[in-house]
Amino acid sequence: MRYLILVSALIMQMCLGATYSWSVYVHPLKMMTGLDQGPVQIPFSVFYFIFPMTMMFAGNLLPKIGTQKSAMIGGALFGGGWLLASLGKNSFLYTVLGIGCVSGIGAGMAYIVPIAVCIRWFPENKGLVTGIAVAGFGGGAALVSQLGGYFINTTGLTPFQTFFVFGAAFMVLIPIAGFTMQMPKGEVHARQREPLKSGTVLVNINFRILYIVMLISLAAGFAVNANLKELYHGQGNAAQIGITAVSFFAIANAFGRIAWGAIFDRIPSASAIQANLICQAVILVMAPMMLGSTFGFWIVALITGFNYGGVLVIYVSSASRIWGAENVGQVYGWLFTSNIPASLSPILAGMVFDWYGNFDKALYIASGMLIVCALGIFQKSRIINKV
C-alpha cells in the first residue's frame, strides 16, 4: 500500500510542478501580447504568492477535512486554473487569474498532502522519502516543458491552446492520484489532534532562521527558473536550446530533491542547509561567464536546478525534525509562505534584463545574498543542530 501511495505522490507532484515550465511560454507570450519580460512573469509570480498563502491555511485544514478531500479538491482547482488561463487570448488577465490564482489555490491544497502522508508511511527515512515524494514537482516540469515546446513549435498550438490541453489532463490525473492519499491505519484519528498554535512556532528561533534562509534560496531559484530561456546569449537555435535547458533544470530539480534528501538523513540540519547555499552561490557567480556557450548554459541549468531541488526537501525535513512528523503539515505551511516575498524575484530579475539587456547583475546579487545566509547559518549552527 505504501508504495502505491508513493507512486501516486509522484504523479500528483508531476502535475503540480507544471508551472516550473513557465519560461517555455515567456517568449511566445511576449510575441502574442506585446508585454515585456517583467510583466509576462506576473502569472508565475502570482502563483508563487497564492500557492504558499493557501498552504498556510491548508496545513490547518488538512486534519479537519482529511488528506483525500484536500488532494482531490486541490487537483480539480489546479486543472481548472489552467483551463481558465487558456482564455488569455482574449485578455491576459485570464491567464493571471487562472495559472496565478486558481491553480495557486489548488496547488496549495494538494501539495502538502503527499509530503504529510509519505512521511507517516516511511518514518525511518524522512529526508529521502520527502525528496522522492516531491521529486515529481521538479521532474514533471521536464515533461511539461518538452510537451509544451512541441505543441507550440511543432504542432502550431498557441500557448493558450497548450494551457487548455494541460488543464484537461490535470483535472483527471491529480484527483485520481489524490484518492489514494490515506494515512496509516493507526493514525486515522490524527485529524482530531489539537493543532499547534502559530504563536509558539513563529517566535521560535529555528523557525525564523529557516524562514529567512529559505526565502533567499527560493528567490535565487525562481529568478533563474522563470527566466531560464532568456539567460542564454550564445549562437544556434536559441528556442530549442532554451527548452532543453528548462528540461535539464527540471530533471536536475527532481534528482536534487532525492539526493539532497538522502544527504540530509546523514548530516546535521545546519550542515545540509549551508552546503546547499554555498553550492548555489558558486554556480550563480560563475554563470555570467558560462551563458555564452550552449554547454555552459546547460551546465548552469543542471546545477542550479539540482541545488534548488534541495531547498524543497531540506527545509520541510528540518521542520519535521524540530516539530515532529505529525505537525509537518501545519509548520511547513507557515514556512512555505517564504515563497510569497520570493515570488517577486522573477519580476525583479526580468526588470534587470529590460534595463541592462542581461541578467548578470541579478545573478551576482542572488549569489551574494546566498553567501550572507551561509555565513549566518554558520553563526547559528549550534542552535539548528540541536534538533
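Helix H8 supplies the largest share of the nonpolar patch, four residues. The structure is a predicted model, in which local features need pLDDT of at least 70, side-chain atom pairs count only at pLDDT 80 or more, and totals for chains, interfaces and linings use all residues. Residues are numbered from 1 along each chain as its sequence is written, and side-chain values use heavy atoms, with hydrogens and water left out.

The patch covers about 500 Å² of surface and is made by Val-7, Ile-11, Met-171, Val-172, Leu-173 and Ile-176. Two elements give two or more residues to it: helix H1 (2–16) and helix H8 (159–178). Patch residues have over 30% relative accessible area and no salt bridge; nonpolar side chains (Val, Leu, Ile, Met, Phe, Trp, Tyr) are joined within 5 Å, like charges within 9 Å. A salt bridge is a side-chain nitrogen of Lys or Arg within 4 Å of a carboxyl oxygen of Asp or Glu. Areas come from the Shrake-Rupley method with a 1.4 Å probe, and for residues only the protein chains shown count as cover. Helices (H or I, at least four residues) and strands (E, at least two) are DSSP runs, numbered from the N terminus.

Ile-176 is found in helix H8. Its relative accessible area is 55%, so Ile-176 is exposed. Exposed means over 50%, buried under 20%, and partly exposed in between (1.4 Å probe, protein chains only).

H1 and H8 also pack together, at an angle of about 150° and with their axes 8 Å apart. H1 is therefore roughly antiparallel to H8. Their crossing is left-handed. Axes are lines fitted to C-alpha atoms, for helices over the stretch in contact; angles run from 0 to 180 degrees between N-to-C directions. Angles under 35 degrees count as roughly parallel, over 145 as roughly antiparallel, 65 to 115 as roughly perpendicular and the rest as oblique. A crossing is left-handed if the near helix is turned anticlockwise from the far one by less than a right angle, and right-handed if clockwise.

H10 passes H17 in a right-handed crossing.

Buried residues occur in helix H2 (residues 23–33), including Val-24, Tyr-25 and Leu-29. Just after H2, Gly-34 takes a positive phi of about 80°.

Ile-314 lies in helix H14 (residues 294–323). With a relative accessible area of 0%, Ile-314 is buried. Ile-314 and Phe-249 are 65 residues apart in sequence and 18 Å apart in space, C-alpha to C-alpha.
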